[in-house]
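Open your viewer and get the selection tool ready. This tour goes from stop to stop.

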Amino acid sequence: MGIFTRSVVSRKPNESMRLFVTAFVGVVFGFLIGLCFPKLSLTKFSLSASILTAIDFKYTEYTKLGPSSSTRVSHPVGNNGSSANVTLKKIWVPSNPRGAERLPPGIVRAESDLYLRRLWGKPSEDLTSKPKYLVTFTVGYDQRKNIDAAVKKFSGNFTILLFHYDGRTTEWDEFEWSKKAIHVSVRRQTKWWYAKRFLHPDIVATYDYIFIWDEDLGVEHFNAEEYIKLVRKHGLEISQPGLEPNKGLTWQMTKRRGDHEVHKETEEKSGWCNHPHVPPCAAFVEIMAPVFSRDAWRCVWHMIQNDLVHGWGLDFALRKCVEPAHEKIGVVDSQWIVHQSVPSLGNQGESLDGKAPWKGVRERCKKEWSIFQTRFSRAEKAYLKEINSTSH
């Protein structure tokens, strides 16, 4: 053992010398190799467009500039190392939608749609057809048979959108059409709550007409395509089908007239109308089954209040969105429906102070009507006051 130990110690100096010599030779060899090649300049390399595109370069420069500033920079062009002076301006397009001013107009898509697309293939081949109209129903599963009958009155030219207030969606797949429909589910909400949040005018801009209907409508005597033809023929921007006169009606204006295609005015009880061209004698439809043109809906959507979910009072204010209202709002008599008055949404309320759930919902409706009228009146007065003060 003693001999082995001494032999190991005696070899350590030799190994250290060998490592030193190896390192020294490597350094010298590398130095000589370097002298054998010409100096390379990175500026003489031409970068592929796939690695550094023009937009990559410009974006780097844009981030250093203000909205209206510009600068001249030298940027290598081609493979010969020559340079060109390029004036770069930061993109700022005031006519773009708010928030998109920094984008080139050609890339901006301010509007969208509800067309369903595939997850594969070419995007340009996704759509075999583009529906021209939209119909929405706010539904509970208990009314599925009624909705099934209603949907079948709308052709393939319609996108079908169901708003589910009871949270039940998958059960609707018992109907083949439901598998191609759009389903939005939020519990205990009304159709105007859904409309304000999911039917923004820029989302439904591809549709010529938007139907926003209740779930309790009998459609035995209704055909959607024929309805559209009559709406176009008579120039109606806001409309509804006539209502079966033998069912309890609130307003004479919406009652079907058997000898008309369309009517736009009526006579009401004494004192109800202070002018023949204002609601409820004209320029009036109810909120159970309204139909809006694209332009009319853009105005109406902005009028819907975020916190007033039942829409009471909207029917009297719709005339503010078209002009002349007494000519562009009307009732289509030859395509008529029956209001079945099923209080299904009312049952989604809560019992307070011993009252039935539907009573609390009805009280909220009446309160909202009063609040909406007050808000609208104050808004008009404030605007007119401002206009008068600036005109003097």
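Buried means under 20% relative accessible area, exposed means over 50%, and partly exposed lies in between (1.4 Å probe, protein chains only). This is a predicted model: local features need pLDDT of at least 70, side-chain atom pairs count only at pLDDT 80 or more, and totals for chains, interfaces and linings use all residues. Residues are numbered from 1 along each chain as its sequence is written, and side-chain values use heavy atoms, without hydrogens and water.

**Disulfides**

Select Cys273 and Cys281. A disulfide (cysteine sulfur atoms within 2.5 Å) joins them, S to S 1.9 Å. The S-S torsion of Cys273 and Cys281 is about 95°, so this link is right-handed. Cys281 is buried at 7% relative accessible area. Cys273 is partly exposed at 21%.

Next, pick Cys299 and Cys321. Their sulfurs are bonded too, S to S 2.0 Å. Here the S-S angle is -70°, a left-handed link. Cys299 sits in helix α6, while Cys321 lies in the loop between α7 and α8 (325-328), 22 residues apart. Helices (H or I, at least four residues) and strands (E, at least two) are DSSP runs, numbered from the N terminus. Cys299 is partly exposed at 28%; Cys321 is buried at 15%.

**Core**

Now select Trp192, Leu199, Ile238 and Trp297. They have the most contacts inside the largest nonpolar core, which has 42 residues. Such a core is a set of buried Ala, Val, Leu, Ile, Met, Phe, Trp, Tyr and Cys residues joined through side-chain atoms within 4.5 Å. Helix α6 gives this core its largest share, five residues.
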